[in-house]
Amino acid sequence: MNMLAVIELREIISNQQIVYAESIRKILKTDNSISKKINNINSLKVGFQKPFELAIKDYLYVVCLFSLKQVSKELEMSNPKKLSIELRSWINATSQTVTGKYLTETNQSVTLPVIDNIGRGLSDNELVYRVNLLFDEIKLKKPDKIIGGIEGKGLLRGRNLAVQIYNKDVKLETEGFSADLMGTLKQERVVAAQWSAILDKHVCELCASLDGRIIDIDSPDYAFYSPGEIHLGCRCLWVYIRSSERPENRRVDWKVPKTTLLKKYAKPDLKKKREIEIEDEEK
Ligand SMILES: [Zn+2]
């Protein structure tokens, strides 16, 4: 799971919660009739739409980039140079749709604790508390769901596009493909990458141990350990981190995978490399 993106969404939802709960508190405090209060609460909107959209957009971008890179490797084509206008506009539209859906759902659900309970003898504090409870639940569950969802969408989109290019339905040049992936990453101001595994019951111990680790893209290990390829059927990916990311969110903490795990799970060539390294260390 890409924790950076999840944490970012969680922070934005926190801000939405603070502002929204405060607005509800203000409406409840007024001397208006209950029906007027309900009206006002119904017209309240959860805020921070733009930051939410941007967080999703940024993440979709890195997923698409990764997916294109991965598939072009599989199909033995050259690497993506940068994302095309067409793909960028798809990313924009998808971010807007996902954000819109989240906001509509949230706007509907967070008013309910008040609408259902107002006039039943609960104090204002109790009503606001219930709204906060609901927001806490949204904060806990939604980010993972949203990020997981767009991960799937982005991977599929990148894959489809690469296949179209391979079949020559789309021109390579218009998608800006180039043989130089490092150049691409530098051009897009990528400085590091974070290993992202899908932590479900199918994940292997090797991939789970790497999940969340951040590597400098200039490290030789970056080229060597490839998520998605470390073993057959690996569903991991690199989440690229750009220089614009806050320093505390891109602290490099990469460690070479444990030999025992490599032995058990990794493809033979990776195992071999590690064995040679250990021999060298022992010498
Ligand atoms: Zn994996």
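Two residues are in contact here if their C-beta atoms, placed from the backbone, lie within 7 Å. I start with that because the contact lists that follow rest on it. The model is a predicted one.

First, the overall picture. The protein has 10 helices and 5 strands. Of its 283 residues, 33% count as buried. Take the contacts between residues at least 6 apart in sequence: 77% of them join residues at least 24 apart.

Now to a pair of helices, α4 and α5. Helix α4 covers residues 85-117, and helix α5 covers 124-166. Their axes come within 10 Å and cross at roughly 160 degrees. An angle over 145 degrees counts as roughly antiparallel, so α4 is roughly antiparallel to α5. The crossing is right-handed.

Which residues of α4 meet α5? From the α4 side they are Leu-87, Trp-90, Thr-94, Val-98, Tyr-102, Thr-106, Ser-109, Val-110, Pro-113, Val-114 and Asn-117. On the α5 side they meet Leu-127, Arg-130, Val-131, Leu-134, Phe-135, Ile-138, Lys-142, Ile-146, Ile-150, Lys-153, Arg-157 and Leu-161. Sorted by class, this contact has 15 nonpolar, 4 polar and 4 charged residues. As background for reading such lists, an α-helix has 3.6 residues a turn, so residues three or four places apart point the same way.

Ile-91 sits in helix α4. Is Ile-91 buried or exposed? Ile-91 counts as buried, because 23 C-beta neighbours lie inside 10 Å and the cut-off is 20 or more. Leaving out neighbours within four places in sequence, Ile-91 is in contact with Lys-57, Leu-60, Tyr-61 and Cys-64. Tyr-59 is 32 residues from Ile-91 along the chain, and their C-alpha atoms are separated by 9.5 Å.

The other residue is Glu-53, in helix α3. Glu-53 is buried too, since it has 20 other C-beta atoms within 10 Å. Setting aside residues up to four places away in sequence, Glu-53 touches Ser-95, Gln-96 and Thr-99. Ser-95 is 42 residues from Glu-53 in sequence, yet the two are 5.5 Å apart in space, C-alpha to C-alpha.

That leaves the start of the chain. Helix α1 runs over residues 3-29. How far apart are the end C-alpha atoms of α1? They are 39 Å apart; at 1.5 Å a residue, the 27 residues of α1 should span 39 Å, so the two values agree.

Several residues of α1 are buried, among them Leu-4, Leu-9, Ile-13 and Tyr-20. Glu-8, Gln-16 and Gln-17 are also on the list of buried residues. What do the buried residues of α1 pack against? Their partners are helices α2, α3, α4 and α5, and strands β3 and β5.

Of those partners, I will look at α2, residues 34-42. The axes of α1 and α2 come within 9 Å and cross at roughly 160 degrees. That makes α1 roughly antiparallel to α2. This crossing is right-handed. Ile-24, Ile-27 and Leu-28 of α1 make the contact with Lys-37, Asn-40 and Ile-41 of α2. By class, these residues divide into 4 nonpolar, 1 polar and 1 charged.

Methods: Residues are numbered from 1 along each chain as its sequence is written. This is a predicted model: local features need pLDDT of at least 70, side-chain atom pairs count only at pLDDT 80 or more; totals for chains, interfaces and linings use all residues. Axes are lines fitted to C-alpha atoms, for helices over the stretch in contact, and angles run from 0 to 180 degrees between N-to-C directions. Helices (H or I, at least four residues) and strands (E, at least two) are DSSP runs, numbered from the N terminus. Angles under 35 degrees count as roughly parallel, over 145 as roughly antiparallel, 65 to 115 as roughly perpendicular and the rest as oblique. A crossing is left-handed if the near helix is turned anticlockwise from the far one by less than a right angle, and right-handed if clockwise. Ala, Val, Leu, Ile, Met, Phe, Trp, Tyr, Cys and Pro count as nonpolar, Asp, Glu, Lys and Arg as charged, and the others, Gly among them, as polar. The expected span of a helix is 1.5 Å times one less than its number of residues. A residue is buried if 20 or more other C-beta atoms lie within 10 Å of its own, exposed if 12 or fewer, and partly exposed in between; C-beta atoms are placed from the backbone.
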